[in-house]
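Me: I am new to this one. Please show it, then take my questions about the words used for it.

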Amino acid sequence: MFQHISLFLQIVTAISSIILYKKYKHEKFYNFFVVLVVVTALIESVGSLTLKTDLDSYHLTYFFILFQNLVIVLMFRVLLKNTTPTYILFIIFFVGWLYFFNYRSQMKSTIVLSYFSISILSLLYLREFLLSDKILNYKQLLPFWITVGFLLFYLPSIPFFQMLNTMQTRDLFFVLNILIILMNLIIIYGLICSKKEEKY
């Protein structure tokens, strides 16, 4: 049940981001965000089909991890005042991605590395945000809601994927689906309720 709800909300987020494009097109990061959520919804839709077949989705998943990390890094490169961490974290991730590419059993290590770098970027942005005047208007700023959504999903997912090899079944995957649901609800709320960013 949670799997179907999480996929449905990812599709709703993608459609909402396209419908609301005119509202946010002035914000540079938004183009990357739209590409991310639309491609994610497509990949997750394909992934849900491959679970019911014998198709090998290893390479699709592996290249999606690279795509996801790259797009999110580009988003935070626009949002962060200090862009150096975005380059450093992406280089570290990319080296790990290349190293683990031929080791199927280590895919979880690639995912953990990706999610760790995304969590760090989210925390860095929130730190900058909390120390700025933007905090006064946080309810109306879309980058804030997207970052909170990212952090709510990616940070708790790290220990989940670290334990992946010890799991005998997919019984605990409902936890991951709940995190995806919460992330998308927060992002959808942000898309609907946020306004054009005020310049201070």
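**Terms and values**

Reply: K23 has its place in helix α2 (residues 21-24). A helix here is a DSSP run of H or I, at least four residues, numbered from the N terminus. The model is predicted: local features need pLDDT of at least 70, side-chain atom pairs pLDDT 80 or more, while totals for chains, interfaces and linings use all residues. Residues are numbered from 1 along each chain as its sequence is written, and side-chain values use heavy atoms, leaving out hydrogens and water.

Me: Why is K23 called partly exposed?

Reply: Its relative accessible area is 31%. Buried means under 20%, exposed over 50%, partly exposed in between (1.4 Å probe, protein chains only). So K23 is partly exposed.

Me: What does K23 touch?

Reply: Leaving out residues up to four places away in sequence, K23 touches L191, I192 and S194. Contact means heavy atoms within 4.5 Å.

Me: Why is α4 called oblique to α7?

Reply: The axes of α4 (residues 58-79) and α7 (residues 142-162) come within 12 Å and cross at roughly 140°. Angles under 35 degrees count as roughly parallel, over 145 as roughly antiparallel, 65 to 115 as roughly perpendicular, and the rest as oblique. Therefore α4 is oblique to α7.

Me: What makes α7 mostly covered?

Reply: Of its 21 residues, 15 are buried.

Notes: Axes fitted to C-alpha atoms, helices over the stretch in contact; angles between N-to-C directions. Helix = DSSP H or I, 4+ residues; strand = E, 2+ residues; numbered from the N terminus.
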